Amino acid sequence: MNEVKSDDTQRKHERNTFMFLAVFLAPILSVAIVGGFGFMIWISQLLFGPPTS
């Protein structure tokens, strides 16, 4: 009986962790990475000028 309760608790914990990662962390990280990369390119173009062909 005690094992069943711990399995249910484990499953609930895994589901909550997945929901946190999928709903909150992944979108926040993707926006931060893309925004940081764009900001880095923008600052580099301010300092060194636009790319020339």
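Areas here come from the Shrake-Rupley method with a 1.4 Å probe, and for residues only the protein chains shown count as cover. The model is a predicted one: local features need pLDDT of at least 70, side-chain atom pairs count only at pLDDT 80 or more, and totals for chains, interfaces and linings use all residues. Residues are numbered from 1 along each chain as its sequence is written, and side-chain values use heavy atoms, with hydrogens and water left out.

How many helices and strands does the protein have? One helix and zero strands, where helices (H or I, at least four residues) and strands (E, at least two) are DSSP runs, numbered from the N terminus. Helix α1 covers residues 2–48. Of the 53 residues, 0% count as buried; buried means under 20% relative accessible area, exposed over 50%, and partly exposed in between (1.4 Å probe, protein chains only).

On the surface there's a nonpolar patch made of F18, M19, F20, L21, V23, F24, L25, I28, L29 and I33, with about 970 Å² of accessible area together. The patch rule takes residues with over 30% relative accessible area and no salt bridge, joining like charges within 9 Å and nonpolar side chains (Val, Leu, Ile, Met, Phe, Trp, Tyr) within 5 Å. One of the patch members, L29, sits in helix α1 and is partly exposed at 44% relative accessible area.

Now for the rings. A pair of aromatic rings is described by the distance of the centres and the angle of the planes. Rings of Phe, Tyr and Trp (its six-membered ring) pair if their centres lie within 6.5 Å; planes under 30 degrees apart count as stacked, over 60 as edge-to-face and the rest as tilted. That rule gives two aromatic pairs:

| Pair | Centre to centre | Angle between planes | Class |
|---|---|---|---|
| F20 and F24 | 6.2 Å | 35° | tilted |
| F39 and W42 | 5.7 Å | 55° | tilted |

F20 and F24 lie four residues apart in helix α1, about one turn of the helix. F20 is partly exposed at 45%, and F24 is partly exposed at 48%. F39 and W42 are three residues apart in helix α1, again about one turn.

Note on methods. Salt bridge = Lys/Arg side-chain N within 4 Å of Asp/Glu carboxyl O.
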